[in-house]
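Here are a few notes to read alongside the model.

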Amino acid sequence: MSQCSLVLLKPDAVRRGLIGEIVGRIESKAGWSIAAMELRTLARPLLEQHYGEHADKPFYPPLMDFMTSGPSVVMVVEGERAVEGLRALAGPTDPIAAAPGSIRGDFGTIVRENLMHASDSEESAEREIKLFFPEAT
């Protein structure tokens, strides 16, 4: 089943020069393609909408500071089971728990700066894509 997912390569991935490596892993997956991609520094109001469900959690203020600390790559990836597959490719947010071969397992250093975001459901993907690429809807 073909799906779309939002993927964010976070400021740590950009800062560490991992864009090509991560995009290459996404593109090498048979049947997945990048439908949209931009490098941009994300504005706090957009991030507040994106991460709003976490606003009352202790990690929220540092997350917002981190996500506005530099440019991110914002992508729409489409293809067979893209939502589930991209989550598996990313691996758990804790790099110690992430398996080798996953992005976070191979390149992650700390939980808070976890290299990438991938939509967790088709509903989330639809909402997130509209937030980050409103012109595409």
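1. Among contacts in the chain between residues at least 6 apart in sequence, what percentage join residues at least 24 apart? The figure is 75%, with a contact meaning heavy atoms within 4.5 Å.

2. A word on the basis: this is a predicted model, in which local features need pLDDT of at least 70, side-chain atom pairs count only at pLDDT 80 or more, and totals for chains, interfaces and linings use all residues. Residues are numbered from 1 along each chain as its sequence is written, and side-chain values use heavy atoms, with hydrogens and water left out.

3. You will find seven helices and four strands in the chain, as DSSP runs numbered from the N terminus (helices: H or I, at least four residues; strands: E, at least two). Read from the N terminus, their order is β-α-α-β-α-α-β-α-α-β-α.

4. For overall dimensions, the C-alpha trace spans about 40 × 35 × 25 Å along its principal axes. Of the 137 residues, 45% are buried, that is, under 20% relative accessible area with a 1.4 Å probe, protein chains only.

5. On to the largest pocket, with a volume of about 550 Å³. Closest to its centre, of the 20 residues that line it, are Lys10, Tyr51, His54, Thr93 and His117. Two elements, β4 (116-118) and α7 (122-132), each give two or more residues to this lining. Here a pocket is an open set of points on a 1 Å grid over the protein atoms alone, where a 1.4 Å probe fits, with protein on both sides within 12 Å along at least five of seven lines; lining residues have an atom within 4 Å of a point. The volume is the space filled by probe spheres set on the points.

Methods
Buried means under 20% relative accessible area, exposed over 50%, partly exposed in between (1.4 Å probe, protein chains only).
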